[in-house]
Amino acid sequence: MRQILAFVGMLVLIGTVAAYGHRALDMPVQKAQIHHVVEIPEGASFKDVSNLLGEKGLIMSPFWFRLLGKVQDADRKVKPGEYDLHTAMRPAEILNMLVTGKVIKYTVLVQEGFTARQIGKLLDEARIVKEADVARLVSDPLFIKSLGVDGPTLEGYLFPDTYYFPRRAKAEEVVKAMVAGFRQAYTPEMQARAASIGMTERQVMTLASIIEKETGQDEERPLISAVFHNRLKRKVPLQSDPTVIYGITNFNGNLTRADLMRRTPFNTYTSTGLPPGPIASPGSKSIIAALNPAPVDYIFFVSKNDGTHQFSTTLSEHNRAVGRYQKRGARPAVRKAA
């Protein structure tokens, strides 16, 4: 009798354990979807992960979850990062997300005209990557070469777009994604057009970046481009304030005459031709404008102080425009002849 009772007790125990195991492995904690953001640290053990999920109330049993990981040979395949998990998920669903790395991705909007430094700061503030890591990669010769960019830095090649990155991503992957955005935007048709007008990729991107910084008006981009193309043909200095500003370390927002006379590689008042590289990340519209200047003879433009510009062909026309739109005695913001 005792043996029968012991056997029955064992069956009951096994049944109870099996039932609990089934519930712990195949059933969600509850039907209601209560979401939790769970961050799996780099190097966390599977036991730590299981305990964390248990503390968040996302699984019934850390022990059974660890067993599930062992059975599926997934206990060493969990990827670190932030996950959006909820209480209506079955343990197997949670484990699958952790193994496949379906982490939360955050929206990052890189605006046209942002410099590499501004982009690095933006990414740092979004807790995607460290600003210092972006700065290092942007100036790393071997990394630049590996991406097929001909230039001393990646300035101008971090394409402005909306990106989706996880927190604490690898800086190399983030920067590569932005350069890949440029490669996709700089179409074979654009490349062919550049070759037909005798411009290298770096020259196109340099001019496009200047156009981007000079105007936010789409209809003006081909006109701005024409002014600079005409000046380049005449070997007249471009005299673009944004290039001067780019060459000033820790610019304080006040551009002076002394700044305009300060010789830097990016000062287009003291040197003719394009600066050595882009000064910001241009968008597609500015790249297209750089490749397709308007068929006009303008070589001057001055701000109207309303976001648009007055364009002129002769110096006398330009001087009249300066007198009309700029305060007497003030230096026009760009745009006067050498």
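Biologist: Which residues are buried in helix H2 (residues 46-55)?

Modeller: Please bear in mind that this is a predicted model. In helix H2, the buried residues are Phe46, Val49, Ser50 and Leu53. These residues span an arc of only 100 degrees around the axis, so they lie on the same side of H2. An α-helix has 3.6 residues a turn, so residues three or four places apart point the same way.

Biologist: Which exposed residues does the face of H2 turned away from its buried side carry?

Modeller: That face carries the exposed residues Lys47 and Glu55.

Biologist: How many salt bridges does a search of the whole structure find?

Modeller: The search finds 12 salt bridges. One of them pairs glutamate 39 with arginine 168, with 2.6 Å between the closest N and O atoms. Glutamate 39 belongs to strand E1 (residues 35-40), whereas arginine 168 is in the loop between strand E4 (162-166) and helix H8 (171-185), so this bridge ties together parts that are 129 residues apart in sequence. Glutamate 39 is partly exposed at 35% relative accessibility, and arginine 168 is partly exposed at 47%.

Biologist: Where do arginine 136 and aspartate 133 lie?

Modeller: Both are in helix H6 (residues 131-138), three residues apart, which is about one turn of the helix.

Biologist: Is arginine 221 buried or exposed?

Modeller: Arginine 221 counts as buried, because its relative accessibility is 7% and the cut-off for that class is under 20%. Its side chain meets that of aspartate 218 in a salt bridge of 3.1 Å, N to O. Aspartate 218, in turn, is partly exposed at 37%.

Biologist: Which residues do salt bridges that share partners join into one network?

Modeller: The network consists of Glu39, Glu82, Arg167 and Arg168. Arginine 167 also has a contact of another kind: its charged end sits over the ring of tyrosine 106, 3.8 Å from the ring centre.

Biologist: Let us turn to the aromatic rings. How many aromatic pairs does the structure hold?

Modeller: There are nine aromatic pairs. In one of them, the ring centres of tyrosine 246 and phenylalanine 266 are 4.8 Å apart and the planes meet at 65 degrees, so the pair is edge-to-face. Tyrosine 246 is in helix H12 (residues 241-246) and phenylalanine 266 in the loop between helix H13 (257-261) and helix H14 (284-291), so the contact ties together parts that are 20 residues apart in sequence. Tyrosine 246 is partly exposed, with a relative accessible area of 29%, while phenylalanine 266 counts as buried at 17%.

Biologist: Which residues do ring pairs link into a cluster?

Modeller: The cluster is made up of Phe228, Tyr298, Phe301 and Phe311.

Biologist: Finally, which residues form a nonpolar patch on the surface?

Modeller: Phe63, Leu67 and Val71 form such a patch, and together they have about 300 Å² of accessible area. Phenylalanine 63 is located in helix H3 (residues 62-71) and counts as partly exposed at 48% relative accessibility.

Methods:
Residues numbered from 1 in each chain as written. Predicted model: local features only at pLDDT ≥ 70, side-chain atom pairs only at ≥ 80, totals over all residues. Heavy atoms only, no water. Phe/Tyr/Trp six-rings, centres within 6.5 Å; stacked < 30°, edge-to-face > 60°. Helix = DSSP H or I, 4+ residues; strand = E, 2+ residues; numbered from the N terminus. Buried < 20%, exposed > 50% of the residue type's maximum accessible area, 1.4 Å probe, protein only. Lys NZ or Arg CZ within 6 Å of the ring centre and 35° of its normal. Patch = residues over 30% accessible without salt bridge, like charges linked within 9 Å, V, L, I, M, F, W, Y side chains within 5 Å. Areas by Shrake-Rupley, 256 points an atom, 1.4 Å probe, with all protein chains shown as cover. Salt bridge = Lys/Arg side-chain N within 4 Å of Asp/Glu carboxyl O. Arc of directions from axis to C-beta.
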